[in-house]
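Welcome! Let's take a friendly look at the structure below and see how some of its side chains pair up.

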Amino acid sequence: GEVRGVVGHGPGAGSGEFQQPTGLACDGRFLYVADSGNCRLHKLSLPEFKPVATIGSFGEAPGQLHAPVGLALHDDNRPPGESPGTGSLLFCADSRNHRIAVFTTHPELRFIRTFGSHGTAPGELGPTSSGIYLAAADGELFVADRANHRLQVFSTAEGQLLRTIGQRGTAPGSFRRIRGVAVSSGRLITAECERVQVLSLTGLALQVMKMDGSSALVGICADRSHVCVVDQTHQKVRVLSFLKGEGRAAFGTPRCGEPHLPPFLLPTAVCDSTHPAVIERSKRLIPSGCSAAR
């Protein structure tokens with residue numbers, strides 16, 4: 001959490017200036033910034049943060065952007081677990097154009113194509129003024145379709161819709177104003193109004209972790225050991241650590257009476273394990289002193 005430096009100045013539209021910078025992506029050699037207010041993307045070299053390229057302008061024509069927010073890098077040809085290389089694609093959530101814009105990153109930033117359109121049907125993106133957030137892994141692009149309360153999963157190669165995850169609601173596996181998505185170790189981690197969820201890549205809810213007192217969790221990232229989520233309500237970044245061990249939840253400390261449960265004991269559409277009748281029957285079936293996990 002130590003401040004190492006500040007990049008950019010403004011607000012402005014000149015070289016090295018930003019206006020509402022929102023989305024970030026990094027491959028270890030370059031930092032990519034979604035300059036939302038200026039409707040453009042920046043490529044900065046590391047470690048000196050020197051401007052290398054800028055692309056985009058206001059509009060809806062191919063290559064133009066309107067409020068770009070989420071960014072994600074992906075290289076379909078790289079071995080699993082390695083950082084993106086020179087063949088990377090940069091995916092940009094072109095938020096108010098209700099689409100995903102795709103750019104190459106090497107040898108220069110260059111527009112390739114877009115996919116998606118405005119609407120509520122599968123493959124369409126809902127109306128939003130606060131952004132669409134992205135994460136990419138293993139040939140799949142996960143799009144946090146905030147206005148439609150769902151995750152949509154597209155192929156990184158063709159932009160073809162593969163599946164949708166979730167619906168509006170507060171139950172595990174449902175979403176309410178999802179504003180962040182990350183992928184780590186084969187799990188999805190999402191940020192909503194006041195909670196972080198962990199799901200399988202197919203959408204099975206594994207854990208729900210409430211952030212008491214928060215009402216605006218916006219933006220999330222993860223590596224193999226930690227998750228960082230922006231708590232806009234309290235103007236801070238919350239850092240969560242993954243737990244180790246089979247059959248446990250991803251992270252967090254269980255409160256008294258609320259043990260971590262393995263995925264097969266979480267509520268599903270088939271069996272609501274939180275229903276009073278199910279709880280009452282389980283008390284009669286489980287021997288005294290035996291934990292719920294057993």
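Which side chain meets that of Arg163 in a salt bridge? The partner is Glu140, at 2.9 Å from N to O. A salt bridge here is a side-chain nitrogen of Lys or Arg within 4 Å of a carboxyl oxygen of Asp or Glu.

## About the model

This is a predicted model, so local features need pLDDT of at least 70 and side-chain atom pairs count only at pLDDT 80 or more, while totals for chains, interfaces and linings use all residues. Residues are numbered from 1 along each chain as its sequence is written, and side-chain values use heavy atoms, leaving out hydrogens and water.

The pLDDT is the predictor's confidence in each residue, from 0 to 100. Its mean for the protein is 83, and 82% of the residues reach 70 or more. Over residues 252-261, the pLDDT is below 50.

Arg163 lies in strand 14 (residues 161-165) and Glu140 in strand 12 (residues 140-145), so their pairing ties together parts that are 23 residues apart in sequence. Strands are DSSP runs (E, at least two residues), numbered from the N terminus.

Arg163 is partly exposed, with a relative accessible area of 23%, whereas Glu140 is buried at 17%. Buried means under 20% relative accessible area, exposed over 50%, and partly exposed in between (1.4 Å probe, protein chains only).

## Two other salt bridges

The structure holds 8 salt bridges. One of them joins Arg40 to Asp35, with the closest N and O atoms 2.9 Å apart; both residues are buried.

Arg195 pairs with Glu192, the closest N and O atoms being 3.0 Å apart. Arg195 is buried, with a relative accessible area of 5%, and Glu192 is buried with 1%.

Key
Contact means heavy atoms within 4.5 Å. Helices (H or I, at least four residues) and strands (E, at least two) are DSSP runs, numbered from the N terminus.
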